[in-house]
Structures are given as structure tokens and as C-alpha cells.
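Visitor: Please show me the structure, so that its residues can be discussed one at a time.

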Amino acid sequence: MAVRRSGAIAAMVVVVAVAMTACAPGPNELAGTGGSQDAGFWLGLWQGLICVITLIVSLFNDNVNVYEVHNNGAWYNCGFVLGILIMASGTGASGYRARS
């Protein structure tokens, strides 16, 4: 029974990892600088949340970038950093509670 359970957990991890890689950002060939199609706060937030997955994918695929270069500046940067902070804060707190 334990083998079946661990196999199901491993399969679920693989499915989630594959689903998340489909969300990874790539180069935005169509967006110009200074236009309304530039990445803003919300896209920066999303890309900050998935930055670890994007980094892993970018190691094997040259067409994937971690950071969107066609962005609107400070708002994109704010969203990106906030997304990284949200993603990182969830992983650190669980390890601290387990040791206490």
C-alpha cells in the first residue's frame, strides 16, 4: 500500500511540474518598448511566482527567459520582486515550524 501511495505522489509531482512549465514565460518578440503591450505589474507578479520553474526550464531551453525585457519599468519590477517574496516566504516558514 505504501508503494502505491508513494508512486501516486511521485506521479502527481511530475504532472504539476509539467503543468507549471507550460506557464513559463519566453521572449516576447511582438512587444515593443514603450507600448501598451509591455509587461506590467500583474505579469511581473506571475513571473516572480514561477521564477524557479522558469529558471530550471531556461537551463535546457534557450528560448525561455526568466525576466521579461519588454516591461513597463518600475511596476513590472515591483510585481516581479513581490512574486519572488511571496513564493519564497511560503517555503521558509514551513521548515521553521517543523523544527520547533
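Visitor: Is Asp 38 buried or exposed?

Guide: This is a predicted model, in which local features need pLDDT of at least 70 and side-chain atom pairs count only at pLDDT 80 or more, while totals for chains, interfaces and linings use all residues. Residues are numbered from 1 along each chain as its sequence is written, and side-chain values use heavy atoms, with hydrogens and water left out. Buried means under 20% relative accessible area, exposed over 50%, and partly exposed in between (1.4 Å probe, protein chains only). The relative accessible area of Asp 38 is 12%, so the residue is buried.

Visitor: Where is Asp 38 found?

Guide: Helices are DSSP runs of H or I with at least four residues, numbered from the N terminus. Asp 38 lies in the loop between helix 1 (2-21) and helix 2 (41-49).

Visitor: Why is the pair of Tyr 67 and Tyr 76 edge-to-face?

Guide: Rings of Phe, Tyr and Trp (its six-membered ring) pair if their centres lie within 6.5 Å; planes under 30 degrees apart count as stacked, over 60 as edge-to-face and the rest as tilted. By this rule there are five aromatic pairs. The ring centres of Tyr 67 and Tyr 76 are 5.2 Å apart, and the pair is edge-to-face because the planes stand at 75 degrees.

Visitor: Which class does the pair of Tyr 76 and Phe 80 belong to?

Guide: Tyr 76 and Phe 80 are four residues apart in helix 4 (residues 74-99), and therefore separated by about one helical turn. Their ring centres are 6.0 Å apart with planes at 25 degrees, so the pair is stacked.

Key. Helices (H or I, at least four residues) and strands (E, at least two) are DSSP runs, numbered from the N terminus.
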